[in-house]
Amino acid sequence: MRQTIKRGINVSGFGDWSVKNPLFNEKHFRIIHDAGFDHVRLPFYFGNRNGINLSEDYFALVEELTGFARKYGMVAVVDMHGFCNMDDEPEKYRDAFIASWEKIAERLKNEDENVWFEIINEPHNAFDPILLNDYQNAAIGAIRKTNPDRMLIAAAAHYNTIDNLDSLILPEKDPNIIVAIHNYTPMAVTHQGAEWCDGKYPAGVSWEGNPEEIGRLEKMFVHAYEWSQKSGRKLWLGEFGVYDKGDMLSRVRWTENMVKLCDKYGIAWAYWEFACGFGAYDLNKRCWKKDLMHALIPELTF
């Protein structure tokens with residue numbers, strides 16, 4: 001029986017999955033389940049800058065990780081987190097992208113119905129809304145050859161941003177597709193001190209959670225809700241979080257308000273992420289970060 005989802009977490013943050021990844025441990029999936037999460041998002045790089053990875057070993061890894069999630073009753077989202085240089089040279093990789101999804105779908109067609117497929121993560125740059133509609137729908141068609149009813153998660157353009165829902169076109173007669181949105185607004189808060197941003201967002205920015213700040217966030221959620229009602233598609237906030245260079249009080253306030261808005265507008269969510277730079281869990285101390293976890297799951301007791 002297909003499960004419904006409400007709150008999940010991304011299990012990522014140490015590069016691509018391998019048996020050497022410190023998160024590659026069944027106990028972490030049990031810890032996540034016991035905290036009250038009902039799904040995990042598993043970012044995989046079936047294609048990256050070094051080529052396409054559809055090896056037997058990689059598929060075995062995917063199956064083992066989804067198996068950990070399913071053992072503890074959680075939905076497992078198989079996320080195509082990166083595919084070669086799609087964002088810079090999408091036309092070059094179109095056919096390989098679609099063929100890869102056809103192969104992934106064939107390989108995983110007998111997986112539990114609560115293993116969901118996420119078509120592509122955060123398309124951006126040259127991978128524009130027009131190309132996204134073309135490639136994504138072609139990939140959906142390839143998947144449906146072997147997985148006619150599996151739940152799929154489609155992307156919105158330009159980093160899955162809410163503003164780009166309006167340009168999204170999906171197969172009208174396929175009810176088993178939901179849409180992923182991401183939100184890190186304002187970036188000056190959520191990405192402060194992030195090394196990969198080359199100093200664009202310096203640390204030391206607080207988020208007070210005042211009516212003006214909350215109002216800016218809610219305006220975005222109202223747009224998302226109205227799009228969802230009009231399109232008949234459910235939404236899933238597949239990423240949100242504040243990097244750990246921000247002060248914990250700001251991180252907690254922002255996260256708490258994001259969760260409240262999701263609850264208010266009926267949007268399921270998956271926090272970014274488990275135990276790395278945005279993490280809610282401390283791998284060294286082997287415990288959840290209590291204040292941040294209370295923002296995510298208020299009723300959780302330690």
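This is a predicted model: local features need pLDDT of at least 70, side-chain atom pairs count only at pLDDT 80 or more; totals for chains, interfaces and linings use all residues.
Helix 1 spans residues 26–35, and its buried residues are His28, Phe29, Ile31, Ile32 and Ala35. Viewed down the axis of helix 1, these buried residues fall within an arc of 160 degrees, so they line one face of the helix. An α-helix has 3.6 residues a turn, so residues three or four places apart point the same way. The cover over the buried residues of helix 1 includes strand 1 (7–10) and strand 2 (39–44), together with helix 2 (56–71), strand 11 (281–282), strand 12 (287–288) and helix 9 (290–296). At the start of helix 1, the backbone nitrogen of Lys27 has a side-chain oxygen of Asn25 within 3.0 Å, whereas just after the helix Gly36 adopts a positive phi of about 115 degrees.

With a relative accessible area of 10%, Asp174 is buried, because the term applies to values under 20%. The side chain of Asp174 reaches the backbone nitrogen of Asn176 at 3.0 Å, and, when residues up to four places away in sequence are not counted, Asp174 touches Ile140, Arg144 and Arg233.

Although Pro202 and His191 are eleven residues apart in sequence, their C-alpha atoms are 8.4 Å apart in space. With residues up to four places away in sequence again not counted, Pro202 touches Gln192 and Gly193.

Key. Residues are numbered from 1 along each chain as its sequence is written. Side-chain values use heavy atoms; hydrogens and water are left out. Buried means under 20% relative accessible area, exposed over 50%, partly exposed in between (1.4 Å probe, protein chains only). Helices (H or I, at least four residues) and strands (E, at least two) are DSSP runs, numbered from the N terminus. The arc is that of the directions from the helix axis to the C-beta atoms. Contact means heavy atoms within 4.5 Å. A polar contact is a pair of N or O atoms within 3.5 Å; within protein, one must be able to donate a hydrogen and the other to accept it, and residues adjacent in sequence count only if both atoms are side-chain atoms.
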